[in-house]
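Reader: I have a model open and want to go through it with someone. Can we take it piece by piece?

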Amino acid sequence: MWWVVTRSSTSVADTAGTITTTTDRLGRVVAYSDVWGKTSTATYNQGGELVAASTPAGNYAYTYTAGSRGRHCHTQQQDHF
């Protein structure tokens with residue numbers, strides 16, 4: 001099965017600059033640019049869980065494991081600036 005996800009971008013601008021948020025068809029934020037032009041992105045798995053994020057502070061990977069009290073998220077910073 002193939003999934004085609006359409007993205008939608010919304011921008012807001014004033015004298016301080018422009019903020020742009022991009023969401024996928026499911027309403028999840030997949031990209032965000034602030035007034036200084038710094039961009040963060042997010043990637044999700046088929047279950048809707050965040051699996052990767054790229055931010056001005058670095059790149060992060062997220063893994064999930066099943067536990068006795070539900071799913072547990074583990075975060076690993078890939079690199080940093």
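Predicted model: local features only at pLDDT ≥ 70, side-chain atom pairs only at ≥ 80, totals over all residues.

Reader: Fine. How many helices and strands does the protein have?

Author: The protein has zero helices and seven strands. Along the sequence the pattern reads β-β-β-β-β-β-β.

Reader: Is the protein a compact globule or more spread out than one?

Author: More spread out, because the radius of gyration is 15 Å, well over the 12 Å that the globule rule gives for 81 residues. The C-alpha atoms fill a box of roughly 50 × 35 × 20 Å along the principal axes.

Reader: What share of the residues counts as buried?

Author: Of the 81 residues, 15% count as buried. The accessible surface is about 6,200 Å², and carbon and sulfur atoms account for 55% of that surface.

Reader: And contacts between residues at least 24 apart, what share do they make up?

Author: They make up 3%, counted among contacts between residues at least 6 apart in sequence.

Reader: Switching to charges. How far apart are the mean positions of the positive and negative ones?

Author: The mean positions are 10 Å apart, for 6 positive and 5 negative charges.

Reader: OK, strands. How do β1 and β2 run, and how many bridges join them?

Author: β1 and β2 run antiparallel, joined by seven bridges. β1 covers residues 8–14, and β2 covers residues 17–23. The hairpin between β1 and β2 passes through two residues.

Reader: Which residue in β2 is the bridge partner of Ala 13?

Author: Thr 18 is the partner of Ala 13.

Reader: What does β2 do on the β3 side?

Author: β2 pairs with β3, residues 29–33, in the antiparallel sense over four bridges. In that pairing Thr 21 has Tyr 32 as its bridge partner, and Thr 20 has Ser 33.

Reader: What's in the turn between β2 and β3?

Author: Five residues separate β2 and β3 in this hairpin, and Gly 27 in the turn has a positive phi of about 85 degrees.

Reader: Then β3 to β4, how many bridges?

Author: Three bridges join β3 to β4, residues 39–44, and the two strands run antiparallel. Ser 33 stands opposite Thr 39 in β4. Ser 33 is also the β3 partner of Thr 20. The β3–β4 hairpin has five residues between its strands, and Gly 37 there takes a positive phi near 80 degrees.

Reader: Further along, how do β5 and β6 pair?

Author: β5, residues 50–55, and β6, residues 58–67, pair in the antiparallel sense over four bridges. They form a hairpin with two residues between them. Ser 54 has Asn 59 in β6 as its bridge partner.

Reader: Single residues now. Thr 22, buried or exposed?

Author: Thr 22 is buried, since its relative accessible area is 11% and the cut-off for buried is under 20%. Thr 22 sits in β2. Leaving aside neighbours within four places in sequence, its contacts are Arg 7, Ser 8, Ser 9, Arg 28, Val 29, Val 30 and Ala 31.

Reader: And Ile 19, how is that one classed?

Author: Ile 19 is partly exposed, with a relative accessible area of 32%.

Reader: What does Ile 19 touch?

Author: Ile 19 touches Thr 10, Ser 11, Val 12, Tyr 32, Ser 33 and Val 35, not counting residues up to four places away in sequence.

Reader: Asp 14, buried or exposed?

Author: Asp 14 counts as exposed, at 55% relative accessibility. Asp 14 lies in β1. The C-alpha atoms of Asp 14 and Val 35 are separated by 9.5 Å, and these residues are 21 apart along the chain.

Reader: Last one, Tyr 62. Which strand is it in?

Author: Tyr 62 lies in β6. Tyr 62 is buried, with a relative accessible area of 17%.

Reader: Which residues touch Tyr 62?

Author: Not counting residues up to four places away in sequence, Tyr 62 touches Leu 50, Val 51, Ala 52, Ala 53, Cys 73, His 74 and Thr 75. Ala 31 is 17 Å from Tyr 62, C-alpha to C-alpha, and 31 residues away in sequence.

Key: Residues numbered from 1 in each chain as written. Heavy atoms only, no water. Buried < 20%, exposed > 50% of the residue type's maximum accessible area, 1.4 Å probe, protein only. Contact = heavy atoms within 4.5 Å. Rg over C-alpha atoms; globule rule 2.2 N^0.38 Å. Areas by Shrake-Rupley, 256 points an atom, 1.4 Å probe, with all protein chains shown as cover. Lys, Arg positive; Asp, Glu negative; His and termini not counted. Charge placed at Lys NZ, Arg CZ, Asp CG, Glu CD. Pairing = 2+ DSSP bridges.
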